[in-house]
Amino acid sequence: MDFLLTEEQQLIGQAAREFAREALDPVAPALDHDGTWPAEAVAALAGQDFLGLFLPAAHGGAEAGFVSLVEVLEALSRSSAAVAAILAHHALAAYAVDRWGTEAQKRTWLPRLAKGEVLAAAALHEHGASPLMAVHHPEGWVLEGVKGFVRNAGQAGLIVASAATGEGRRSLFLVEAGASGLETGAPAETMGLRGCPVAELRFNSVVLPDAALLGPADGGAALEAEILALAALANGAMTVGIGSAAVEHAAAYAKTRVQFGRPIAALEAIQTLLAEAATDCHLGRLALRHAARLLDEGQPFQVEAAMVQQFLGRMGARILQDTVQVEGGFGYSEFMPLPRLFRDMAGTTLRDAPADLPEAVIAASLLA
Amino acid sequence: MPNILVCFKWVLDEQDIKVRPADLSLDSSRAKGKISDFDRNAIEAAVGLVEAQGGRVDALTFGGPSVKNALKDVLSRGADRVLWIADPLAETADAFVTAHVLAAAIRQHGPYDLVLCGEGSSDAFNQQLPVRLAALLDQPCLSFAQTLELQGDRARATRKLGDSVEEAEAGLPAVASVLGEMNKPRIPTLKQVLGAAKKPQIEVPLAALGLEAGLLRPRSTRLGVRGFVMNRRNIIFKEPDAAANVARLAASLASEGLC
Amino acid sequence: MAGIFVYSEDAALAGQLLTPALELKRALGQPVAVLAPDPASAAALAALGPDRVLVLEGASGSPEALAPALAALLAQEEAQVVLVGATLRGKHLAAHVAAVLGAGLASDARALAPAEGGLGVQRILYGGLAVSDEVLAFPAVATIQAGTSPAPAPSAAEVAIEPVQVQADARIRVHRVEKAAAGGVDIAASRRLVAVGRGFRTREDLDLASSLAGALHADLACTRGIAEDEHWLPIERYIGISGRTVKPDLYVAAGLSGQVQHMVGCRESRVIVAVNSDERAPIFEAADYGIVGDLYQVLPLLTAALAK
């Protein structure tokens, strides 16, 4: 019995691993190759109740909590981080609706999000050139500008978008994908997480009713920070999943690859590489579960989430470099899963914007 | 509306068991427990029958103290309640003992229209418990079933028997053992996992079954277990030139008197 | 009373069971009796040295249907050892007999020998990972796979054939029995085998293996997927944990990865040869000789080299 996981959480992790093996392993390499939207896999996620994982039962969710979320994301990422990313980014937006939505907004959206009838996306980042601005008019709000790096763009029916609503003030809005004036850019060709679309969202005088405001007017900065903290946990879970898969794969390879009469697993340098990578995954996982448990208990979790992000961000790229070393020439060639894992991990450990620097969050908590 | 009982075993996952090279002993320290593979097929079959026709699925297991880890697992897979017998005796029990224990529990908590088991457990794969149970309960056994249907008070199965396939039928109550290929056990959804906590877990103390001592003494005893290791020459030819490899292999076969 | 009893609905397999039965006779000093399903097999088995031959009359049911009757007979005879051929029907029968006799049952038993306190056997555990040594108290029941022992040499001794009346269990009604199309060959008896796996892309490509088998005077066998999923070869040619177990002099594994579930069926072969394009396939650890290469290239070259 794992002291950090309840029996239910263990069973959930077990079911997610089985699901990943059965439903994702067979399609992961092709998905990475083609980058086409994995409709069947997403439908299967819905069938397992993953899309409403932490949403309230009253709205059709499974109410399984955030420790379960990180368990599931890790398990899925061992097979396909792209599919895990689809779930993760849907979850970020669903979290916002559940956390700050009015009863009417929750009734409208949560059941459909939980069932997977509507997929969600969080549009929080920007390139900087035309930041999204929202101006209030008698009819409602008018949004103008561009959001960048929106995961699930083009597939999501509901977008949670952050906009500047005044000097140094921000607000969140619920935007339907079909809103007039809303344009989804062409999906970007990304290095990794291929299959999880990412694109710009261009708001050309998009008019939204007052009821589209999510949470308090001008109170969006704090809400955004909280969503990004959850994103840190989600990305962390994916990083640990990818990293664990890479370590297992490299270890199995090291036992069979014989050079100069011995399996390379017998070489100390190889053992050190594998030991460090495995340790980082293990520690990252524990920190992740702890931060998720704080969230489950309604405790502040953003500093711990920042610590997870900082630790795993550095660890992520290093693990993959190290394990590719172990596999040597074979690791570099495309028919092995390692290159896909390497590219996916670059996606989960990306630092999105200067304002997100987890170091700043941690330091602020120490120096306040 | 059939009343179905599924017997299942909590076993060590054989994938996690390692053989110690020094003395070929088995290291199970990292082995997690799981519901035996074909028992999952039996559970799936039972749940499928009840989903189609109504009724109820009870799960029953006999094991050591670790059997408590099995309870929410089996409930999350669709059983309505689980009856469990935990006793240290289970560690050395053979199929003779286990069949008596399960039969006694079935008599106490039944009656059941149908008792389902996997064709064999993934650890020892003795392939005998379902038939023993049927003999003790004095019921017919439809063994090695690839398909299974309930029609009123009769059970009908397609039995796959190696060199033949047989359509057989028996009146209820009956026992059946299922093959792994019968179905694909569903993966529990989150709601099913969380719903397991609400379903009854009924502890059945071994003593409460009233079995006399002779029936609890195993008829077969395990003296020792060792890992199987292949000791082969491992002479592998992997030159880029296939013809060269073939020549060397042919020469090796000749040296072995094989060509 | 007492005695070592042997039964299989497959007469050839029943003959093979006589070998360990006769060995146990020497050790335990008890007579060996064969239960024969019909007069023809009774006559054949009588020639292999048992002390008694009992031919079952009155019911032509499947072995499972005869289980209650045979169990009653064996109880009456106070059988000390019962050896049953390990077909699936045989396993069903043996389990019923064991329940009625209150006996232990060793499934797929090997290396039968007298032991302190009963009958010693060896069994495979964990899908082939391990081997266990066990002792069954008397009376003991064991099922034994085809090919575990050869049949004994014929004996000139005269044996009376005793008819025994048995009744079939009517509780199971059999509507239809479809015998699998005979593959022709009993691969458990083959001295050389070429086994094929998923490395072959189409059924026609198996011709490469057939040609090699021809050059080697070998028969074809396969992994589970080839028989059960692809149906490229009949089920009796599938070697593995729930298929056949074989012990040929030569086992050539072509285009198969060598997972435990397959290897457990062939790992006692005298010489194992592997051909696989993946250097890291487990088969190479289980092989005496191997070639890392494309079977589409290697097999024709090997066939030609051997034909010379």
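Analyst: Let's begin with a term: a contact means heavy atoms within 4.5 Å. Counted that way, the meeting of the two chains takes 69 residues from chain B and 72 residues from chain C. Before going on, please note that this is a predicted model, in which local features need pLDDT of at least 70 and side-chain atom pairs count only at pLDDT 80 or more, while totals for chains, interfaces and linings use all residues. Residues are numbered from 1 along each chain as its sequence is written, chains are lettered from A and ligands numbered from 1 in the order in which they are written, and side-chain values use heavy atoms, with hydrogens and water left out.

Now to the area. Between chain B and chain C about 6,400 Å² is buried, and carbon and sulfur atoms give 55% of it; buried area here is the accessible area (1.4 Å probe) that two parts lose on being put together, summed over both. On the chain B side, Arg219(B), Arg232(B) and Leu258(B) lose the most area to chain C, together 11% of what that side buries.

Charges come next. There are 11 salt bridges between chain B and chain C, each a side-chain nitrogen of Lys or Arg within 4 Å of a carboxyl oxygen of Asp or Glu. One of them joins Arg176(C) to Glu167(B), with the closest N and O atoms 3.6 Å apart.

Which elements of chain B are involved? Helices (H or I, at least four residues) and strands (E, at least two) are DSSP runs, numbered from the N terminus. By class, this side of chain B has 31 nonpolar, 18 polar and 20 charged residues; Ala, Val, Leu, Ile, Met, Phe, Trp, Tyr, Cys and Pro count as nonpolar, Asp, Glu, Lys and Arg as charged, and the others, Gly among them, as polar.

For context, chain B comes to 6 helices and 15 strands.
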